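The structure is shown first, and the points are then grouped by topic.

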Amino acid sequence: MKRILLVSAVILFLAGPSCDSDSETTQWCDQACQIWSDCTGWEVDACMSECRAEGDWDASYLSCLQAQSCNDLDDCG
């Protein structure tokens, strides 16, 4: 029984989601859109659509947003 559980765990681990650029982009979009939503009320779904469409929201853009006050988010870009 332990062997079956171990094999199952290994299979699930290997079949799990990989850390590729798409997952990183989604993470950056999620975090950036939360900042935009908190500061401006921009709906997260609309923000996520724009983030994915533009395709260039990255770690440096997110870092910029995190360093700004709500009034200065437009300075990142």
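Two residues are in contact when heavy atoms of theirs lie within 4.5 Å. The model is predicted. By that contact criterion, and leaving aside neighbours within four places in sequence, Tyr61 touches Ala32, Trp36, Cys76 and Gly77.

**Helix H4**
- Helix H4 spans residues 59-67, and its buried residues are Tyr61, Leu62 and Leu65.
- Viewed down the axis of H4, these buried residues fall within an arc of 100°, so they line one face of the helix.
- Gln66 and Ala67 are exposed residues on the face of H4 turned away from its buried side.

**Nonpolar core**
- The largest nonpolar core has 14 residues, of which Ala32, Trp36, Trp57, Tyr61 and Leu65 touch the most other members.
- At least two residues of this core come from each of helix H2 (21-40), helix H3 (44-54) and H4.
- H2 gives the most to the core, namely 5 residues.

**Segment after H4**
- Asp74 is located in the segment after H4.
- The relative accessibility of Asp74 is 67%, so this residue counts as exposed, the cut-off being over 50%.
- Asp74 and Trp36 are separated by 38 residues in sequence, and their C-alpha atoms are 10.0 Å apart in space.

Definitions and conventions: Residues numbered from 1 in each chain as written. Predicted model: local features only at pLDDT ≥ 70, side-chain atom pairs only at ≥ 80, totals over all residues. Heavy atoms only, no water. Buried < 20%, exposed > 50% of the residue type's maximum accessible area, 1.4 Å probe, protein only. Helix = DSSP H or I, 4+ residues; strand = E, 2+ residues; numbered from the N terminus. Arc of directions from axis to C-beta. Core = buried A, V, L, I, M, F, W, Y, C linked by side-chain atoms within 4.5 Å.
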